Amino acid sequence: MLFTNIPGNRLRAGRALRRRDELLRDILADFRRTFPELLFELDQASPTVNAQAIVRIDRRVVRIYGGLAYHAHVGVDGLIFTLLHETGHHLSSGGRLALREDLACECAADCWALTEGAARLKEETGRTFVIGEAIRSLDQLTQPCGGGTKADAKLCWSMNWSRRKRALAGPESARSVRRCHLPEFFASEVNYI
Amino acid sequence: MGALLPVGSGPDKEIVDRLNQLFSGTDLATLRRHHQREKLFNDRHRLGRVAFRIGAYPVQDYPGDDAKRKWFYFLHHELPQATHKKIKEILTDAMTRTSIRAVKFSVEENSVANHPHLFPSDIEDLPKYLNLAGNTYLVHLVVPAPMSDQAEDPPTDPDPDEQSIAWAKLKLKRPVFRGQGKKKAAKKPARKSAKKSKRY
């Protein structure tokens with residue numbers, strides 16, 4: 001949130017913007033109904049192309065930022081997958097982030113989004129999404145980031161966008177780890193003075 | 001903090017993970033021991049200088065983003081004094097109260113905020129920053145927008161009374177291969193049975 005941001009291609013005005021407003025209102029209403037234990041927030045004014053799962057003392061929150069919510073290349077499937085992924089950080093019982101054990105790690109959040117999360121959303125609201133479409137739209141955002149390094153990718157498929165795309169397209173072959181040690185790995189590279 | 005993009009890691013995630021590691025487990029124990037000799041978070045110490053000394057900054061390369069120097073600019077110029085003061089207060093308490101298991105850091109962008117501040121505000125009593133179990137401080141920073149590209153070098157001039165921090169040394173463990181343990185276990189019963197056969 002402080003650092004690098006992906007350049008956004010934001011819907012500015014007109015019918016497309018009005019339709020996106022309505023779409024976001026409907027999607028967020030469905031998520032609030034399906035997962036009432038979480039708080040879903042849209043930061044319309046933010047230019048940040050991202051979404052986030054956070055814990056505010058006693059409240060679990062999913063925030064989607066304006067740069068992503070109003071991105072011209074992100075359609076309904078991309079938005080639903082994004083929100084399910086963030087919800088998965090809170091509700092997945094799978095692998096934990098080593099340094100933040102109250103949140104599920106990236107691969108566990110992805111697996112939960114595609115299985116339990118998608119099923120609960122469909123059962124409660126009838127809303128579904130096409131993962132192929134979600135990948136296609138997010139693909140256009142993730143390319144500028146470049147993804148993780150080769151070393152990161154060896155540790156977990158979620159660290160490399162190419163591998164992550166394949167895993168999302170065929171989730172049955174994607175294993176979720178029990179405890180994600182990636183943060184410890186990165187932190188260990190720091191040199192003390 | 002879990003975020004969808006960038007895939008894998010970003011400077012935000014790196015600095016948050018680094019801080020979370022430093023203020024938990026063995027690193028927290030090290031800082032607590034050091035705190036008995038040098039009060040790292042008193043008024044005479046600058047947060048930026050302490051961050052530099054303990055390695056609380058991003059070290060990876062991010063194309064187009066001078067993350068390390070931006071982080072030090074943020075600590076020096078953009079973090080308000082009230083937030084500085086409250087963070088130091090929280091960290092000082094964490095240095096002395098052993099019932100605190102860890103300090104967990106996170107950051108949230110909120111365009112409604114006018115300036116960076118802690119959640120819910122910078123003027124709460126310390127217990128308000130504890131988790132529900134009361135054993136972990138949650139330092140949740142709210143920032144109004146991503147940082148500008150302004151950056152500066154970390155402060156290299158020492159604070160008063162600085163002393164070097166004695167970090168725990170790395171211990172290398174001898175790897176145990178899959179076959180090794182089983183072979184030994186298999187040999188033992190054979191010896192026992194041999195002894196038994198002698199007795200009878």
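**Figure 1. The buried side of helix H1 in chain A.** In helix H1 of chain A, the buried residues include A:Arg20, A:Ile27 and A:Phe31. These residues cover an arc of only 40° around the axis, which puts them on the same side of H1(A). An α-helix has 3.6 residues a turn, so residues three or four places apart point the same way. The view comes from a predicted model, in which the buried residues of H1(A) pack against strand S1 (39-43) and helix H3 (76-91) of chain A. On the face of H1(A) turned away from its buried side lie the exposed residues A:Arg15, A:Arg18, A:Glu22, A:Arg25, A:Ala29 and A:Arg33. The helix takes in residues 15-34, and its 20 residues should span 28 Å at 1.5 Å a residue, which agrees with the 29 Å between its end C-alpha atoms.

**Figure 2. The open sheet of chain B and the helix that packs on it.** Three strands of chain B form an open sheet in the order S2-S4-S3, with mixed pairing. Its edge strands are S2 (102-109) and S3 (117-118) of chain B, each of which pairs on one side only. Helix H5 (residues 81-96) of chain B packs on this sheet and touches S2, S3 and S4 of chain B, and the direction of the helix makes about 165° with that of S4(B). Strands of a sheet pair through backbone hydrogen bonds, either parallel or antiparallel. Between S2(B) and strand S4 (residues 136-143) of chain B, which run parallel, there are 8 bridges. Within S4(B), B:His140 is the bridge partner of B:Ser106.

Figure 3. Most residues other than glycine have a negative phi, and most peptide bonds are trans. In chain B, a cis peptide bond with omega of about 0° joins B:Phe119 and B:Pro120, and B:Pro120 lies in the loop between S3 and S4 of that chain. A:Ile57, a residue other than glycine, has a positive phi near 50° and sits in the loop between strand S2 (51-56) and strand S3 (59-65) of chain A. A:Ile57 counts as partly exposed because it has 14 C-beta neighbours inside 10 Å. For B:Asp161, phi is likewise positive, near 65°, and the residue belongs to the loop between S4 and helix H6 (178-199) of chain B. With 11 other C-beta atoms within 10 Å, B:Asp161 is exposed.

Figure 4. Chain A comprises 8 helices and 6 strands, which follow the pattern α-β-β-β-α-α-β-β-α-α-α-α-β-α along the sequence. Chain B has 6 helices and 4 strands, and its elements run β-α-α-α-α-α-β-β-β-α from the N terminus on. Of the 193 residues in chain A, 46% are buried, while in chain B 37% of 200 residues count as buried. Among contacts with a separation of 6 or more, residues 24 or more positions apart account for 59% in chain A and for 81% in chain B. The average pLDDT of chain A is 82, and 77% of its residues score at least 70. Over residues 189-193 of chain A, pLDDT stays under 50, and the model has 8 contacts beyond four places in sequence for this stretch.

Technical notes. Residues numbered from 1 in each chain as written. Chains lettered and ligands numbered in written order. Predicted model: local features only at pLDDT ≥ 70, side-chain atom pairs only at ≥ 80, totals over all residues. Helix = DSSP H or I, 4+ residues; strand = E, 2+ residues; numbered from the N terminus. Buried ≥ 20, exposed ≤ 12 C-beta atoms within 10 Å, placed from the backbone. Contact = placed C-beta atoms within 7 Å. Pairing = 2+ DSSP bridges. Axes fitted to C-alpha atoms, helices over the stretch in contact; angles between N-to-C directions. Expected span 1.5 Å × (residues − 1). Arc of directions from axis to C-beta. pLDDT = per-residue confidence, 0-100.
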